[in-house]
Amino acid sequence: MTRTIFLFLSLCTIAACNNASKQEEQTNAQPNTAAMNKNFFGSVDNDSVFQFTLKNEKGTEVKILNYGGTVTTILVADKNNQLADVVLGFDSLSGYTQKGNPYIGALVGRYANRIANARFTLDGKTYTLAANNNGNHLHGGLKGFDKVVWHVDAATDNSLALSYNSKDGEEGYPGNLNVKVVYSLAADNSLKIDYTATTDKATPVNLTNHSYFNLSGGKDSTILDHELMLIADKYTEVNDNLIPTGKLPPVKGGPMDFTKSKRIGNDIGKVKGGYDHNWVLNKKGDDLEHIGTLYHPASGRLMEVYTTQPGVQFYTGNFLDGSLTGKGGKKYVQHSGLCLETQHFPDSPNQPSFPNAILKPGETFHQVTVYKFSTK
């Protein structure tokens with residue numbers, strides 16, 4: 001009997017110790033922030049897609065999908081402290097996966113923008129790519145980085161780290177390319193996008209984000225009343241298919257001149273098809289520099305752009321035609337939003353005079369872009 005009581009007491013002591021240990025572990029455990037700030041958004045090819053929400057103390061929110069690394073929402077305040085969403089997007093995953101989605105909010109690669117005749121020659125070998133844009137190659141091909149589910153490396157209340165391994169031969173490109181992108185939202189309302197990549201074969205790399213901004217927060221149907229300033233004295237001249245000719249004309253005095261803040265609608269009619277060009281930034285090197293400012297007078301919202309990249313593609317949503325239904329049933333008509341895609345120049349693999357866009361084994365591609373929101 002005594003032995004039985006002793007055994008019972010011993011078991012109770014062990015159980016109590018185990019429970020205490022578990023409680024201590026739970027007390028010391030860090031909160032799973034990845035679970036706290038993500039919501040299931042749907043599935044693509046049996047892969048789960050989540051929407052992650054980054055927040056700061058000012059109430060600013062940025063929502064991002066692991067499908068395409070897509071920015072779906074940027075909530076920022078106007079001059080009256082009223083929050084509104086300043087990027088185009090869709091209410092459900094089907095909007096982003098639909099045929100004809102013009103890369104809204106997505107990460108673009110392996111090579112953002114156009115490559116002439118959908119081919120390039122590297123180290124004596126010619127590579128053929130998908131001709132998915134008037135006989136040319138656009139934004140990485142038929143299934144670029146915008147159409148894949150990225151791996152979530154880490155998620156907190158103010159940052160999201162994504163990665164994607166692009167296989168050798170994917171979309172015709174050489175080399176296994178390992179890409180990492182980190183989105184982070186700071187206390188000063190700046191959204192930082194940090195890109196890195198490595199490869200085991202020489203390959204062209206040009207990564208950017210394709211968000212369409214409308215700082216009115218949905219109140220204006222177009223961006224024509226926005227004012228833009230770009231610190232760029234030259235742009236890359238293009239032919240009718242938007243392929244660079246190799247010439248870098250000065251912008252001074254013409255419709256391409258945004259060296260002083262100018263209403264976008266003032267001169268857009270003088271540019272065939274609207275703005276869809278690369279501006280050559282007046283940068284001194286590879287440091288992070290302020291390269292432009294977008295302003296919406298009615299709301300007072302201001303967006304400053306900083307980048308380490310040598311160029312920026314200013315695109316005014318020329319191909320939006322009202323056929324896409326966006327958030328809240330809103331039809332996206334021509335010029336509903338604008339893009340400021342920091343980048344290397346279009347067709348750089350075929351233009352030896354342009355800044356080098358070839359990544360080699362042993363090198364690390366590293367570029368940073370910041371969109372900083374405020375009011376005035």
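This is a short talk about one predicted protein model, from the whole chain down to single residues.

Hi everyone. Some ground rules before we look around. Residues are numbered from 1 along each chain as its sequence is written, and side-chain values use heavy atoms, with hydrogens and water left out. The model is predicted, so to speak of local features we need pLDDT of at least 70, and side-chain atom pairs count only at pLDDT 80 or more, while totals for chains, interfaces and linings use all residues.

Let's start with the whole chain. It has 3 helices and 26 strands. Here helices (H or I, at least four residues) and strands (E, at least two) are DSSP runs, numbered from the N terminus. The C-alpha atoms fill a box of roughly 100 × 55 × 40 Å, taken along the principal axes. Of the 376 residues, 53% are buried. Buried means under 20% relative accessible area, exposed means over 50%, and partly exposed is in between (1.4 Å probe, protein chains only). Now for contacts, meaning heavy atoms within 4.5 Å. Among contacts between residues at least 6 apart in sequence, 65% join residues at least 24 apart.

Gly-105 gives us one such picture. You will find Gly-105 in the loop between α3 (93–97) and β6 (107–108). Is Gly-105 buried or exposed? Gly-105 is buried, with a relative accessible area of 1%. And which residues does Gly-105 touch, leaving aside neighbours within four places in sequence? They are Gly-69, Thr-70, Val-71, Asn-209, His-210 and Ser-211. Take Asn-209: this residue is 104 residues away from Gly-105 along the chain, yet their C-alpha atoms are separated by 6.6 Å.

Next, a sheet. Four strands form an open sheet in the order β18-β20-β23-β24, with antiparallel pairing. The edges are β18 (234–235) and β24 (339–343), each of which pairs on one side only. By pairing I mean that DSSP finds at least two bridges between two strands. Between β23 (residues 311–315) and β24, which run antiparallel, there are 5 bridges. One to look for on your screen: Gln-313 has Glu-341 in β24 as its bridge partner.

Follow the chain on from β24 and you come to Gln-351, in the loop between β24 and β25 (358–359). Gln-351 counts as buried, at 12% relative accessibility. Beyond its neighbours within four places in sequence, Gln-351 is in contact with Pro-244, Thr-245 and Gly-246.

Now salt bridges. Side chains of opposite charge can pair when their charged atoms come close. The rule used here is a side-chain nitrogen of Lys or Arg within 4 Å of a carboxyl oxygen of Asp or Glu. How many salt bridges does a search of the whole structure find? The search finds 9.

Arg-114 and Asp-276 form one, with their closest N and O atoms 3.8 Å apart. Arg-114 lies in strand β7 (residues 114–115) and Asp-276 in strand β20 (residues 276–280), so this pair ties together parts that are 162 residues apart in sequence.

In the second, Asp-168 meets Lys-201 at 2.8 Å, N to O. Asp-168 sits in the loop between β12 (159–166) and β13, and Lys-201 in the loop between β14 (190–199) and β15 (203–204), so the pair ties together parts 33 residues apart in sequence. These two are partly exposed, Asp-168 at 36% and Lys-201 at 39%.

Asp-267 is buried at 11%, and Lys-262 is buried at 14%. Salt bridges that share partners join Lys-262, Asp-267 and Lys-270 into one network.

Last stop: which residues line the largest cavity? They are Leu-107, Val-108, Phe-145, Trp-150, Val-179, Val-181, Tyr-195, Leu-207 and Thr-208. A cavity, on a 1 Å grid over the protein atoms alone, is a set of points where a 1.4 Å probe fits but cannot get out, and lining residues have an atom within 4 Å of a point. β6 and β13 (177–185) each supply at least two residues of this lining.

How values were computed: On a 1 Å grid over the protein atoms alone, a cavity is a set of points where a 1.4 Å probe fits but cannot get out, and a pocket is an open set with protein on both sides within 12 Å along at least five of seven lines; lining residues have an atom within 4 Å of a point.
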